Protein chains: 2
Amino acid sequence: MTGWVVIAGLGPGAPDMVTPEITAALRDATDVVGYIPYVRRITPRDGLRLHESDNRVEIDRAQHALQMAAEGKRVVVVSSGDPGVFAMASAVFEALEHGPETWRSLDVRVLPGITAMLAAAAASGAPLGHDFCAINLSDNLKPWNVIEKRLRLSVEADFAMAFYNPRSKSRPDGFGAVLKILRETCEPQRVLIFARAVSTPEQEINVVFLCDAKPEMADMRTVVLVGSSLTRVIDCDAKQIVYTPRSVSQ
Amino acid sequence: MTGWVVIAGLGPGAPDMVTPEITAALRDATDVVGYIPYVRRITPRDGLRLHESDNRVEIDRAQHALQMAAEGKRVVVVSSGDPGVFAMASAVFEALEHGPETWRSLDVRVLPGITAMLAAAAASGAPLGHDFCAINLSDNLKPWNVIEKRLRLSVEADFAMAFYNPRSKSRPDGFGAVLKILRETCEPQRVLIFARAVSTPEQEINVVFLCDAKPEMADMRTVVLVGSSLTRVIDCDAKQIVYTPRSVSQ
């Protein structure tokens, strides 16, 4: 039996945002590995072993997946969103690069998914409709000064911005510092979107101006989008639509 | 009959990267509008009118879709990739904002799709596995000096970068200027990926160092990814894998 590893993105939560190629990979798999809440999204069946692991053990999980593939198993590593955006794909390749030489002959593929910022953007209009950047605000894996530098340069570039992992119980204060930098560098009417649990029954979309934004509006299930200086809000009958125009004038 | 507009992302090309929610919307639609090659990806059926339009008439197409919805039709506006990333969603909201007041009561939804940069990243490893930005290199809708400024600030921020619309027949020279700026600001061994026709039978993934990159490596079907200064290449038996590590050290 020839083993493989597929690193698959389950999207933000809605079952009908999972692509058919990922559904097919799960049908062919012998083993699924991933962070507990993502593995719980997989329907159990005979012949499929589910391996749940805790947060912050990404490299252990990646090694486990590669080892099982080397033994002939067909392994799906599940991420939420897209596996290449602040998720498991980089961890698997880190483990592969530093692992046994034989792992370099393994069949390892990444299958893309709908990442949180694009689902959040779709739910609120088209705030990322012009040039934009994506920044992970967690300082677990990089120093705060790198985050601050990137934030200031992104404002200067007038990118729309997507912030992943804005705030968690172990990092309650960093997002307040981010808002402070935005207040120093952007106009008070800059548009922010707090998108929580996008595409799930608990979805909440909160459109606010920068002057009204508060750190508590974000939690670990939130992705925060920040408009560029040109981003607009349309008041419609049922909701507000946020979009960034395609053009920048001369 | 209550009309609606769904702005749907068909993904980069592979049918099994189209999400089930988009397949369902197409099943319920009376009309599909879009740029010719995207409309041709839709399977014709009785009761479904296909409206093909040329490139660069996005606002006309958006107005047409909104007008049909106002008349009670169920309209899917098709984009390739994700409709919110350099595609039709912003155009529809521009048309809505400047159109008749009655359009503000229409049911208009965006359904996300797999955008080209994420499919290209998946096909080559995980080059966007850390903070990154997405820049449209076309100067049809913004002046060149904005592109240049964003490019230089993104290099300074040490983002990985995704370039959409790097080069076309009508813009043969701009991408050469982009490479020149990258050569002035990045090390010669910076990793570039030219990903052409991703997920289709014509897919080509070309991994090169900046010192070896040439403008002719890109065409209008190419998305170009540029690694950060930390992006790595693993030589595997079957191919090269490119990934950006999750960590930045102190």
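## Strand pairing across the chains

Three bridges connect strand β7 (residues 132-136) of chain A with strand β7 (residues 132-136) of chain B. The two strands run antiparallel. Within this pairing, A134(A) sits opposite F132(B) in β7(B). The model is a predicted one.

## Symmetry

Two copies of a chain are related by a rotation about an axis and a shift along it.

## The interface

On chain B, 60 residues are in contact with 60 residues of chain A. The side of chain B that touches chain A has 34 nonpolar, twelve polar and 14 charged residues.

Why do the copies meet through the same surface? Of the interface residues of chain B, 100% are also interface residues in chain A, so the surface is shared.

## Helix α5 of chain B

Helix α5 of chain B spans residues 116-124. Nine of its nine residues are buried, so the helix is largely enclosed by the rest of the structure. Among the buried residues are M117(B), L118(B) and S124(B). Alanines are there too, including A116(B), A119(B) and A123(B).

Just after α5(B) comes G125(B). G125(B) takes a positive phi of about 130°.

Key
Residues are numbered from 1 along each chain as its sequence is written. Chains are lettered from A and ligands numbered from 1 in the order in which they are written. This is a predicted model: local features need pLDDT of at least 70, side-chain atom pairs count only at pLDDT 80 or more; totals for chains, interfaces and linings use all residues. Two residues are in contact if their C-beta atoms, placed from the backbone, lie within 7 Å. Ala, Val, Leu, Ile, Met, Phe, Trp, Tyr, Cys and Pro count as nonpolar, Asp, Glu, Lys and Arg as charged, and the others, Gly among them, as polar. Two strands pair if DSSP finds at least two bridges between them. Helices (H or I, at least four residues) and strands (E, at least two) are DSSP runs, numbered from the N terminus. A residue is buried if 20 or more other C-beta atoms lie within 10 Å of its own, exposed if 12 or fewer, and partly exposed in between; C-beta atoms are placed from the backbone.
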